[in-house]
Amino acid sequence: MTLRQAEPYGRPEKRQAITRAARRVFGRDGFTRAGVDAIAAEAGVSKRTIYRHFADKEQLFLTVALEGADEVTAAIAQIMDRHLHKIVDLERDLIDFSLDRVAAVTAFPDHFALVRAIEAEAAHIPPPILQAWIAAGPQTGHLRLAPYLSQIAERGLLRIDDADLAAAHLTLLTITDVNQRTFYGAIPLPQEEVTRLVTAGVRAFLRSYASTAAQPTTPRKAGRAKP
């Protein structure tokens, strides 16, 4: 299957209205059941207008999935740089980074509704769309985290042979655990429980990867550091 591309057409604000509506409808109804009629009604446009902007439903779905992934990736990149660019207290900085990374899920509810739909319908989504999503979506977030962990290791705070694997482990122990329990924010957990899970995950990660220089001398309580 080759995804057809539509030629750019019309006003940008009309396209934005279509993609916003499509994200909501796909997230609510899934890829298979969502229809262009429903998307057109949600966007307040005609089906003809949609087809002037997008060649077909497959291209529209891929567009909103990748645009949403790009928005989330940009937000997470800022969080990574804020917490991991300069390490003061390794355990605390990793906990605060992971808590903000988890919180970012709630900032993009329509996108993560689409993520739930993709995971539920993976077997029914055309393979080129699924492969493009995997390359850009949350599954590859650890690859953007790996360079930060490598830099921390260069300072002698972590012992890492494979930065990609270490980043995958940190992701699995923190954000993946919370996302699975909350279904990407659909069923929120109390903040105290999120903090407990993230703190336990970071400490498990450090038991495997922290160097002797990074080991805390006294136990720390879960939660964010006071300013």
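Q: What are the axes and angles used for helices?
A: Axes are lines fitted to C-alpha atoms, over the stretch in contact for helices, and angles run from 0 to 180 degrees between N-to-C directions. Helices (H or I, at least four residues) are DSSP runs numbered from the N terminus. This is a predicted model, in which local features need pLDDT of at least 70, side-chain atom pairs count only at pLDDT 80 or more, and totals for chains, interfaces and linings use all residues. Residues are numbered from 1 along each chain as its sequence is written, and side-chain values use heavy atoms, with hydrogens and water left out.

Q: Why is α5 called oblique to α10?
A: The axes of α5 (residues 90-103) and α10 (residues 191-209) come within 9 Å and cross at roughly 135°. Because angles under 35 degrees count as roughly parallel, over 145 as roughly antiparallel, 65 to 115 as roughly perpendicular and the rest as oblique, α5 is oblique to α10. The crossing is right-handed (the near helix is turned clockwise from the far one by less than a right angle).

Q: What makes the contact of α5 with α10?
A: Contact means heavy atoms within 4.5 Å. On the α5 side the residues are Leu 90, Glu 91, Leu 94, Ile 95, Ser 98, Leu 99 and Val 102. Those of α10 are Gln 191, Val 194, Thr 195, Val 198, Thr 199, Val 202, Arg 203, Phe 205 and Leu 206. By class they are ten nonpolar, four polar and two charged (Ala, Val, Leu, Ile, Met, Phe, Trp, Tyr, Cys and Pro count as nonpolar, Asp, Glu, Lys and Arg as charged, and the others, Gly among them, as polar).

Q: Why is α5 oblique to α9?
A: α5 and α9 pack at about 40°, with their axes 9 Å apart. That angle makes α5 oblique to α9. α5 passes α9 in a right-handed crossing. Leu 94, Phe 97, Ser 98, Arg 101 and Val 102 of α5 meet Leu 170, Thr 171, Thr 174, Ile 175 and Val 178 of α9, giving six nonpolar, three polar and one charged.

Q: What lines the second largest pocket?
A: A pocket is an open set of points on a 1 Å grid where a 1.4 Å probe fits, with protein on both sides within 12 Å along at least five of seven lines; lining residues have an atom within 4 Å of a point. The second largest pocket is lined by 14 residues, with Val 102, Ala 103, Thr 106, Gln 191 and Val 194 nearest its centre. α5, α9 (163-182) and α10 each give two or more residues to this lining, which divides into eight nonpolar, five polar and one charged.

Q: Why are α4 and α7 called roughly parallel to each other?
A: Helix α4 (residues 57-84) and helix α7 (residues 127-136) pack at about 5°, their axes 10 Å apart. They are therefore roughly parallel. Residues including Phe 61, Leu 62 and Ala 65 of α4 meet Ile 129, Ala 132, Trp 133 and Ala 136 of α7. The contact has nine nonpolar, one polar and one charged residues.

Q: How do you know that Gly 27 and Arg 116 are apart in sequence, and what is the distance in space?
A: The two are 89 residues apart in sequence and 7.4 Å apart in space, C-alpha to C-alpha. Gly 27 belongs to helix α1 (residues 12-33). Neighbours within four places in sequence aside, Gly 27 is in contact with Ala 113, Leu 114 and Ala 117.

Q: What is the phi of Phe 183?
A: Phi of Phe 183 is near 55°, a positive value in a residue other than glycine. Tyr 184, likewise not a glycine, has a positive phi of about 55°. Phe 183 is placed in the loop between α9 and α10, and Tyr 184 lies in the loop between α9 and α10.
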